[in-house]
Amino acid sequence: MKDNTNILTIITWVILLSLASILLNDIREFDFYQFKEFQSWAKFADKNESWFTSKNAIQWSYYVISAGLFIWRGYLIYGFSYFLSILKEIENGDYFSNNNIRYFKKIGNIFIWYTISVLVLRFLLASIGKSSFNFFNELKAEFTFLIPAGLAFYILAEIFKQAKKTKEENDLTI
């Protein structure tokens with residue numbers, strides 16, 4: 001079992017490093033130079049125009065939403081890191097530990113919240129005109145996997161909880 005755990009740990013590290021490098025590359029490719037265009041927007045802004053509908057507000061909205069997407073991607077990577085903790089518990093022989101139950105719930109929670117939050121942020125990004133948004137296309141693209149996986153991790157947590165309870169009862173039986 002230890003060999004399988006080591007292989008899974010290596011695979012998990014490769015996935016985590018790949019995801020982190022993709023995120024860093026996306027951040028690097030993000031056009032931060034557009035900030036210079038509207039840093040002094042107050043000097044040139046039309047005082048009669050509402051700030052919320054101005055070009056600068058829309059640009060700032062785009063940057064805030066994009067930053068939110070980067071943060072949520074980082075949070076998803078953080079969620080994947082819990083797999084390492086689960087593998088560590090398994091390696092120690094604590095299959096049905098409270099930690100594993102808690103880790104499964106956290107992973108499920110992160111997957112579901114990531115999906116919902118990114119859908120909302122992408123909708124907002126489309127509403128300011130910086131991208132297109134089709135709910136069903138977005139949902140089936142990358143999110144088809146994450147919501148069922150999140151729910152599956154919640155179910156696994158409950159299964160492990162019941163297994164732990166059964167194991168404790170069996171340990172008391174002579």
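Visitor: What is the relative accessible area of Trp 113?

Guide: Welcome! This is a predicted model, in which local features need pLDDT of at least 70 and side-chain atom pairs count only at pLDDT 80 or more, while totals for chains, interfaces and linings use all residues. Residues are numbered from 1 along each chain as its sequence is written, and side-chain values use heavy atoms, leaving out hydrogens and water. Buried means under 20% relative accessible area, exposed over 50%, and partly exposed in between (1.4 Å probe, protein chains only), so Trp 113 counts as partly exposed, at 45%.

Visitor: Which helix holds Trp 113?

Guide: Helices here are DSSP runs (H or I, at least four residues), numbered from the N terminus. Trp 113 falls in the run of residues 98-127, which is helix α5.

Visitor: How much accessible area does the nonpolar patch with Trp 113 have together?

Guide: A patch is made of residues with over 30% relative accessible area and no salt bridge, with nonpolar side chains (Val, Leu, Ile, Met, Phe, Trp, Tyr) joined within 5 Å and like charges within 9 Å. Areas come from the Shrake-Rupley method with a 1.4 Å probe, and for residues only the protein chains shown count as cover. On the surface, Trp 113, Ile 116, Val 120, Phe 123 and Leu 124 form this patch, and their area together is about 470 Å².

Visitor: How many salt bridges does the structure hold?

Guide: Side chains of opposite charge can pair when their charged atoms come close. A salt bridge is a side-chain nitrogen of Lys or Arg within 4 Å of a carboxyl oxygen of Asp or Glu. The number of salt bridges in this structure is four.

Visitor: How many residues apart are Arg 73 and Asp 26?

Guide: Their side chains meet in a salt bridge, 2.4 Å from N to O. The pair links distant parts of the chain, with Arg 73 in helix α4 (residues 55-91), Asp 26 in helix α1 (residues 2-29), and a separation in residues of 47.

Visitor: What is the relative accessibility of Asp 171?

Guide: Asp 171 and Lys 167 also meet in a salt bridge, 3.3 Å from N to O. Lys 167 counts as partly exposed at 44%, while Asp 171 counts as exposed, at 55%.

Key:
Helices (H or I, at least four residues) and strands (E, at least two) are DSSP runs, numbered from the N terminus.
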